[in-house]
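Visitor: I'd like a close look at one part of this fold, please. Take your time and link it to its surroundings.

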Amino acid sequence: MKVKKGSLAVRVGSEDEDGGFQRFVIPISYLYHPLFKKLLEKAHEVYGYHTTGPLRLPCSVDDFLHLRWQIEKETINYHHHHPYHYHLPSSLSFHSC
């Protein structure tokens, strides 16, 4: 399946999870978000840099969906309410990481 320009395919989940791995297409802008950067660092620790196919992320689908929701919520709040200040939540835990 082709990924449109400005997007990136990621693979989330584990074989132990119901449904196993799931593929998501996310905006490339996520790569610059501090919460997503933490997840990328964890992916590097777990899988290294050399992988084939979609970028594999070491968290459950539920945790990834929560992360995606958090990024989208912050992006909306940033653009609508805080045009000059960016506020990062104090913590976000990934139960599976």
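Visitor: Which exposed residues sit on the face of α1 turned away from its buried side?

Guide: They are Glu41 and Glu45, where exposed means over 50% relative accessible area, buried under 20% and partly exposed in between, using a 1.4 Å probe and protein chains only. Before we go on, this is a predicted model, in which local features need pLDDT of at least 70 and side-chain atom pairs count only at pLDDT 80 or more, while totals for chains, interfaces and linings use all residues. Residues are numbered from 1 along each chain as its sequence is written, and side-chain values use heavy atoms, leaving out hydrogens and water.

Now for the other side of the helix. Leu35, Phe36, Leu39 and Ala43 are the buried residues of α1. They lie on the same side of α1 because they cover an arc of only 90 degrees around the axis, taken from the directions from the helix axis to the C-beta atoms. An α-helix has 3.6 residues a turn, so residues three or four places apart point the same way.

The elements run β-β-α-β-α from the N terminus on; helices (H or I, at least four residues) and strands (E, at least two) are DSSP runs, numbered from the N terminus. With 14 residues, α1 spans 20 Å from its first C-alpha to its last, close to the expected 20 Å, that expectation being 1.5 Å times one less than the number of residues.

Both ends deserve a look. His33 lies in the loop between β2 and α1 (34-47) and is buried, at 7% relative accessible area. A polar atom of the His33 side chain lies 3.0 Å from the backbone nitrogen of Leu35; a polar contact is a pair of N or O atoms within 3.5 Å, one able to donate a hydrogen and the other to accept it within protein, with residues adjacent in sequence counting only if both atoms are side-chain atoms. After α1 comes Gly48, with a positive phi near 80 degrees.

Beyond its neighbours within four places in sequence, Phe64 is in contact (heavy atoms within 4.5 Å) with residues including Phe36, Val10 and Leu57.
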